[in-house]
Each structure stands twice: as structure tokens, then as C-alpha cells.
Amino acid sequence: MVEAVPVSGSLRGRLMITLIGGAAVLALLLFLALRSYAAQVAQEGQDSILRASVASILDAAVLRRGQVEIDIPYASFSMLSTASDDRVFYAVHQDQTLVSGYEGLLPAADGGAAQDGFQTIDFLNTSLRLATASRMLVGESDRTRITVSVGQTQDALAGTLNRISRNAAYFGAGFFALAVVLSLWATSATIGQLKRLTTSVARRGPQDLSPFAKPVPSEMLPLVRSLNSLMGRLDQSLNQSEDFIAEAAHRVRTPLATVRSYAEATLQRVNRGENREALRSMIRAIDESSRAAGQLLDHAMITFRADHLDKQDIDLVELVQDLVLRLTPVADMRDVDLRVHGAAQLPYSGDPILLQNAVRNVIDNALKYAPTESAVDISLSDEPLPQIQICDQGPGFPPAEMDTLASRFKRGNNAEGIIGSGLGLTIAQDVAVAHGGTLTLTNRVEGGACVSLQL
Amino acid sequence: MRILAALALWIWPLLATAQEWEDQQRFEGTEATRTLRVLSSTDTSFFAPIIQRFLREQSGWAIEYFVHSTAEIDTRFRGNPTEYDLVISSAMDLQLKLANDGFAAQINDIDHPDWAQWRQSLFAFTTEPAAIVINRAAFARQDIPQTRQDLIRALRARPEVFRGRLGTYDVRQSALGYLFATQDARASETFWRLMEVMGGLDIRLYCCSGEMIDDLYTGKIAVAYNVLGSYALARRDTHDALEIILPSDFPTTMMRTAFVPSGASNAQMGAEFIRYLIALQSMAAPEDFPLPPLNLEQGSIAQSTIALEPALMTYLDRLKRRTFLKEWESAIIQDR
């Protein structure tokens, strides 16, 4: 009955992937941005010290009698001390010729003249940050350009960067973890609304086609609206068909009664054996039809009343005994004994008409299947719940069909030749369910079927 | 025959120059098959017990110990940086420059205080102050000067006693003398006044602490300025004749340093020797380690030990050195 619906992915999965993937990308971006910013700041720090060192050396340069003299301040190199003991290189050039310092330590020439400013170069197989500045020295007769370059390895800088990177990584990971927790929460909150709706749909009884009234998030409003309208239409169409059946049964029953009375009258007047036999068959067929029409009416009534139960305080024992009294003539005709056992009183609050209908249908069934000169036992108890059990000594239910027998128009495969519409157990079950109970079918070990109405 | 003679004549000076050691000694260990070549500025007498103890621990090794002046070490080593397995010198500035220029190998598994090592490649293992050493005889019935100012006053008071009887390093030859002089000059102007006074009294210039102490002992000179006190202390016979003064105005203290050249063929054993030196100095048993151990109360500003930092290269700058030496010469060599 429930067909497999094709599944295309998971809403939760899609949400999680989007949120967590987004968080991962953001965390990575955060890490990279933080690191590149830190690298820039750290580099600026080193550059400014190098610049100060170059400036202090350049400042000490003088031209004395045509000769360059530089009294390099001790602080020029002292300020370059780092925790990682970075190596320091320097060179002083006068118009492109080395005056002092390391040979070959020159900023990469960019179109001829050496560039002032900062560069990262390779020197003596190691990478250096090199600061360069120059100054024009004016002597008595000549002028000359002094270029000072100071380079430093970047071990301390690398150490700082590693530390910052590690912290940035922790920060990014923390952000990611937080985002994951948040996305889990957001996803479950969103899916939770859907789940709640699903649960409230699933928890409904088979007859409950009333619209959903609980507040739902605005995004789910269209779904709930269409669900409600679908159920409204379903309800309406069900009601229409029930009405139609009731109307049809009612319309059929009256003419059937008329036909039956004519048939009986004719039977009195006919003497020929084969004609009488034909008329009896006719009457039996009419009985069956009117019984079916009656049950259809009962069923329609129960479907209607189940939604609006007319609860009254009644005594189940009294109700059952009343029924037994009415059915005794039928039972006597078949030589079946109807026996009532159990509690003397069983007060219960329920719809007496529905309950009567249910019990009558079950006893009817029992009478139909009970062999002649047997007994139908009706026992009442209120442990643990009020319960009416009706057992016969007939063939019992076919075990394979036990679960489906209570469905509409379903008859056991041993019911051939016995009048019935297949609605009796359905009616009993509907009544039990309407009272919040169940209908249980069992077979007795010594033979015979048992139907329990638990209320 | 004539060719052989010519060849011999040609080779002889080469051999002669190749073996210009101040001192060279080979220490044989047990079953020595390999040789550790150590280039050092420290006199063999100080290192002999240290080396012998090391060789007792390391069997299969011999140590060849070459002694040179500090300046010569720098020249020799730069000329052939792969020939030695260990370089030990008291000229911190030259040592640091060698390390800075990438000649020293990094040894990462030595745990040494930050102030006593540079880049995990240059390791200090002694703390040795520059001292004023005087011959007590010259100061009989006189106050012993405790500061440079005191010394200037004493020299000015009795110039006739001290004329020609003063000594200090020739900073043009001795790298350690240059280091002491530049650090003194950095610390105070008093240094220049002292140099001028001493220059006026015809100061004698020496290459090495050892010679200065010899001359002090014989009475040839009465005062030696910026001598390694450890050398004087180590000579037991001089104790009565000489007084070692650590000037209280500002002491200049050097650390002897060692490094393993990055191209050393026995780098492993060189590093082992440094590890051994560091461990040995901290035990400070004078018979095993005749040099003054590292002063562990380092870091306090009062103790002005020359810091192992790139700034040491400042006075090695060609222009800076030229200026300094010009100034020094004009102070010391006044009318010569």
C-alpha cells in the first residue's frame, strides 16, 4: 500500500555540507589572512630596524680630505641582535666600489643603479633581508655618493611567524569547531520542525483527517496548507462515499423487505416441491442482501459516530445480557447455547449504540460458524482493562489470515457457504479503536475462534 | 744532483713558512687511529691537562694542537677552512665574524645559556677579565692603584720610575689586545687618557700576554695593562712578585670561544670536545681545568662581559679599524 518514494539526498546532509564546508573555507581564509597580516607586520618590524641601522651608519660617514671615513656606531649592529642570533652582513660602497664590509653584498641592480629600499636577496647561500640607502657627501673639491647596505638573516622572523601561524591555526580550528557546533544545532533545529510535523502526521489515527492547527514556521506554511487542503478533500470524498453507501443500502433495504414478504406469501400458496425450493432460495438470497445492506448501514453509522462519540455511563454486563436475550431465538434455531460468564457488573463510559453493534456483530459471527449443539461463551472482565471475549467452538480463524480478517469485506477462506458480508469484524474493530481499544483475534487450543474486544 | 739541490732550495722556504707555529704538539691517545686537529690561541700548557683527560675518555683518537696568535688564527683559518676540526680563540670578535660568515657548524644538541653561545655554533667556555698586572717592587711603600684613574695618578706622580717600564698589547698585531682596547674605548674616555700618559712614558708593545708576564717577573717592566690575569695566576712562581688588579671602575671581561668549522672532517668529535669543555669548566676543578670557568652570574649588568653579538663586528670594519688605529697610534707612539 505504501509505495517506496525515490530519495534524492538528505536535507540534513545538504545543510551540514553547506554550513560546515562554508565554515571550513572561512576558517582557512581567516588563518591565511591572519598569517599574511602577521608576516607583513613582522617584516615591517625587521625592516624598520634595518633602516635605522643603515641610517646610523650613513650618518657617521664623512668626507675628510677627499677620503671617506665612517665611524660605525656600536649600536648599528647591536640593534640587530635577535633571539635567534641572526647573521648580519653589511657593505659600504662609494660610487659602486666597495669601501668596507662584505664583497658582493649589493641590492639587485634594477636598471643600472643600485636601488635604495628593501630587498630579499641570496648571499653566501642564505636568504637575507637587505636594506639600502645612499647619501651624497660633499667635500671641499669633490662630491661622492655613499651607499650603505645592511642585511640580516630571517631566523628570528621565521620563528615569530611560526609562532603566529600556530596561534592562527588554533584560532582557525577553534572558529571551525564553534561553527560546526553551531551548524549542527541549526541543522537539527531546522530538521526538528520537519520531524515534528512528520510525527504529528504519523501519530494521527486512520480516521483523523482534521486540519493541522499547531503553529509551524512560515517556510513550512505552504506545505501544511496543501496537506490540510488535501486532507480536507480526502475527508469530503470519504464522507461522500460513506453517505452514498448508506443511502444506497437504505434504498435497497426497503424494497428487499417488500420482495421478501411477497416471496413468503407466495411460498404459503405454492405446493409444488421444486417451486417451494426455488422460493426458499430466493428468500435466503434476499436475507443475505438485506443483512449486507444492514451491515453497510451499521458501518456507515459507526464511521460517522466514531468521530463524535456519544459517551454514556453504562454497564457492559447489562448491555451484553440484553443482546443475548435478543439473539437467543436465533441461537435456539441453530441449537447453540449462549453463555455469559464473568463479572456481575462492568461499568464503562462509552457509546452504547456502537458497543451494542460491535458485540452483536461478533456474536452473530460466532453463531454463524458455531456447529449445532455447541456453546458460544461470552466472558466479561475488567482486568487489566474492560474486555469482552466471545469464543465459539467452530473451525477457528485460518491462522495465515488472522492479521487481515478485520479489513473491510475480507472473509476467511473457510467462510464458503456461510452468509456474510465481511464487515462484521471491521465494525467491531472500528468501535474498539474509536473507544481507544483494540480487537484481538485468537484461536482456542481445544478448537474454536475467540474475539476479544479490549476497551 | 744540481736539480735536486735546486729543488731542495726551492722547497725549503715553503716548508719553513708552512711550519711557522708558535707551538705545535701532538697528544697520543690509546690506540690512536684518527687525529683531531685543534687550532687554538691558548698556550699548550693550559690545554695539556684538558686534552689528556679527554683522550683518556675517547680511545682511538689523537689530538694535534696548534697554537697561534689570535690574529694569525683568523688569517690561517680563512686561508684553509677545512683543515681544522676545532677552532679555539680568545678574540671574540674574530670568532663571531667567522661564525657570522658561515664558517662555523651548528651543533644543536648542546644546551648552553643564551649569552654564552651564538647561533648554536660559537660556544664560550671561560670568563677571563683583562687585568692590570704590576711588579710589587715598583710599588713598594706606595698605594696599589685600583682603578685606571689611580694608575694615571701613580704614573704621573713618578714618571722617572715608569719611563720605558710599561707594557701593553700591540693592538695592531694582537687581536685580543685590539678587542680589549676597543671595548675599553667604548666604555670610557679614561682609556684614551691612560694611553696618552703611557705613550708619553715610552710604553713597550707586546704580542702576547706570556711575554709581558715574563718581562714583569724579571722587572724589565713594572706595569702591564690589559693582560690576561689568568696567565699570571697560572704561573705559581710569580705569585709573590706580581699583583693582579682587576680595575674596579670598569672591568673588561672576555670569553674564550670555540667552534667546529662547517667543513671539518671530524666534526662529530669536534662537537664532542666542545661538549666536554663545557662540562669540564662547570665542574671547575683547577687541576683539570686551569682556565677560569664561565661566570654563571652572567646577565647582571654590573659584570660587563663583552657580549657575543653581531656588534662585535663593528670594530672589525676596515674604516672603523683604520680610524681607531690612527687614534691609538697617535696616543701611544708620540715622538717615535
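**Patches, rings and positive phi**

Author: Asp337(A) sits in strand β9 of chain A, which spans residues 336-342. The model is predicted.

Reader: Why is Asp337(A) called partly exposed?

Author: The relative accessible area of Asp337(A) is 44%.

Reader: What makes the surface patch with Asp337(A) negative?

Author: The patch is formed by Asp332(A), Asp335(A), Asp337(A) and Glu373(A).

Reader: Where does Asp335(A) lie, and what is its phi?

Author: Asp335(A) is in the loop between α6 (316-333) and β9 of chain A. Its phi is positive, about 60 degrees, although Asp335(A) is not a glycine. Most residues other than glycine have a negative phi.

Reader: What is the phi of Arg65(A)?

Author: Phi of Arg65(A) is near 50 degrees, a positive value in a residue other than glycine. Arg65(A) lies in the loop between β1 (61-64) and β2 (67-70) of chain A.

Reader: Is Arg65(A) buried or exposed, and why?

Author: Arg65(A) has a relative accessible area of 76%. Exposed means over 50%, so Arg65(A) is exposed.

Reader: Why is His435(A) called buried?

Author: His435(A) has a relative accessible area of 8%. Buried means under 20%, so the label holds. His435(A) lies in the loop between α8 (424-434) and β13 (438-443) of chain A. The C-alpha atoms of His435(A) and Glu69(A) are separated by 114 Å. These two residues are 366 residues apart along the chain.

Reader: What makes up the nonpolar surface patch?

Author: Val25(A), Leu26(A), Leu29(A) and Phe175(A) make a nonpolar patch of about 370 Å². Helix α1 (residues 11-59) of chain A gives the largest share, three residues. Leu29(A) lies in helix α1 of chain A.

Reader: Now the rings. How many aromatic pairs does a search of the whole structure find?

Author: The search finds 22 aromatic pairs over all chains.

Reader: Why do Phe66(B) and Tyr84(B) count as a pair, and of which kind?

Author: Their ring centres are 5.9 Å apart, and a pair needs centres within 6.5 Å, so they qualify. Their planes stand at 80 degrees, and over 60 is edge-to-face, so that is the kind.

Reader: Which parts of chain B does this pair of Phe66(B) and Tyr84(B) tie together?

Author: Phe66(B) lies in strand β3 (residues 61-67) of chain B. Tyr84(B) lies in the loop between α3 (70-79) and β4 (86-89) of chain B. The pair therefore joins parts 18 residues apart in sequence.

Reader: Why are Phe66(B) and Tyr84(B) called buried?

Author: Phe66(B) has a relative accessible area of 3%, and Tyr84(B) has 2%. Buried means under 20%, so both labels hold.

Reader: What makes the pair of Phe77(B) and Phe103(B) edge-to-face?

Author: The planes of Phe77(B) and Phe103(B) are at 80 degrees, with 5.6 Å centre to centre. The angle is over 60, so the pair is edge-to-face. Phe77(B) lies in helix α3, and Phe103(B) in the loop between α4 (92-100) and β5 (117-118) of chain B, so the pair ties parts 26 residues apart in sequence. Phe77(B) is buried, with a relative accessible area of 0%.

Terms used:
Residues numbered from 1 in each chain as written. Chains lettered and ligands numbered in written order. Predicted model: local features only at pLDDT ≥ 70, side-chain atom pairs only at ≥ 80, totals over all residues. Heavy atoms only, no water. Patch = residues over 30% accessible without salt bridge, like charges linked within 9 Å, V, L, I, M, F, W, Y side chains within 5 Å. Areas by Shrake-Rupley, 256 points an atom, 1.4 Å probe, with all protein chains shown as cover. Salt bridge = Lys/Arg side-chain N within 4 Å of Asp/Glu carboxyl O. Lys, Arg positive; Asp, Glu negative; His and termini not counted. Charge placed at Lys NZ, Arg CZ, Asp CG, Glu CD. Helix = DSSP H or I, 4+ residues; strand = E, 2+ residues; numbered from the N terminus. Buried < 20%, exposed > 50% of the residue type's maximum accessible area, 1.4 Å probe, protein only. Phe/Tyr/Trp six-rings, centres within 6.5 Å; stacked < 30°, edge-to-face > 60°.
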